[in-house]
Amino acid sequence: DSPINGVLLSGGGAGWINVSDSLKEELKANNLEFPEKIQGVDNLRKYLEDNPPLTKFLFEKFRNVLSN
């Protein structure tokens, strides 16, 4: 388990990756979109590669979570 699991992202059955409600609100407040859920790490990686502003936001968010 990592500090990110359950706080920002969580895994579901069949490889689904879900976003926490609090992160959804932060993304919305920053005019960023993220699907309700994404199936698999490869699809998550592709989505992030295609959305640089979202990737930058999440990088900063994860760095802050991990540094605390």
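In which loop is the place of Asn31? Select Asn31, and you will find its place in the loop between α1 and β3, which covers residues 37-39; here helices (H or I, at least four residues) and strands (E, at least two) are DSSP runs, numbered from the N terminus. Before going further, note that this is a predicted model, in which local features need pLDDT of at least 70 and side-chain atom pairs count only at pLDDT 80 or more, while totals for chains, interfaces and linings use all residues. Residues are numbered from 1 along each chain as its sequence is written, and side-chain values use heavy atoms, with hydrogens and water left out.

Stay with Asn31, which has a positive phi of about 55 degrees although it is not a glycine. Most residues other than glycine have a negative phi. Asn31 is exposed, with a relative accessible area of 71%, where exposed means over 50% relative accessible area, buried under 20% and partly exposed in between (1.4 Å probe, protein chains only).

Now show the whole protein as a cartoon. It has 3 helices and 3 strands, and from the N terminus on the elements run β-β-α-β-α-α. Buried residues make up 26% of the 68 residues in the protein.

Next, select Pro35, which lies in the loop between α1 and β3 and is partly exposed, with a relative accessible area of 27%. Leaving aside its neighbours within four places in sequence, Pro35 is in contact (heavy atoms within 4.5 Å) with Val19 and Tyr47. If you draw a line between the C-alpha atoms of Pro35 and Tyr47, which are 12 residues apart along the chain, it spans 9.4 Å.

From Pro35, draw another C-alpha to C-alpha line to Lys24: these two residues are 11 apart in sequence and 9.4 Å apart in space. Lys24 is found in helix α1 and, at 28% relative accessibility, counts as partly exposed. When its neighbours within four places in sequence are set aside, Lys24 is in contact with Val19 and Glu36.

Move on to Ser20, whose place is in the loop between β2 and α1 and which counts as buried at 16% relative accessibility. The side chain of Ser20 reaches the backbone nitrogen of Leu23 at 3.2 Å.

Which residues make up the largest nonpolar core? Select Ile17, Val19, Leu23, Leu27, Leu32, Phe34, Ile38, Leu44, Leu54, Phe57, Leu58 and Phe62, 12 residues in all; a nonpolar core is a set of buried Ala, Val, Leu, Ile, Met, Phe, Trp, Tyr and Cys residues joined through side-chain atoms within 4.5 Å. At least two residues of this core are supplied by each of β2 (16-19), α1 (21-29) and α3, and the largest share, 4 residues, comes from α3. Centre the view on Phe57, which, apart from neighbours within four places in sequence, is in contact with Leu23, Glu26, Leu27, Asn30 and Leu32.

For the last stop, select helix α2 (residues 41-49) and helix α3 (residues 52-67), whose axes come within 6 Å and cross at roughly 110 degrees. The two helices are therefore roughly perpendicular to each other, a description that covers angles of 65 to 115 degrees. Show the side chains where they meet: Tyr47, Leu48 and Glu49 in α2 face Pro52, Leu54, Thr55 and Leu58 in α3.

Note on methods:
Axes are lines fitted to C-alpha atoms, for helices over the stretch in contact, and angles run from 0 to 180 degrees between N-to-C directions. Angles under 35 degrees count as roughly parallel, over 145 as roughly antiparallel, 65 to 115 as roughly perpendicular and the rest as oblique. A polar contact is a pair of N or O atoms within 3.5 Å; within protein, one must be able to donate a hydrogen and the other to accept it, and residues adjacent in sequence count only if both atoms are side-chain atoms.
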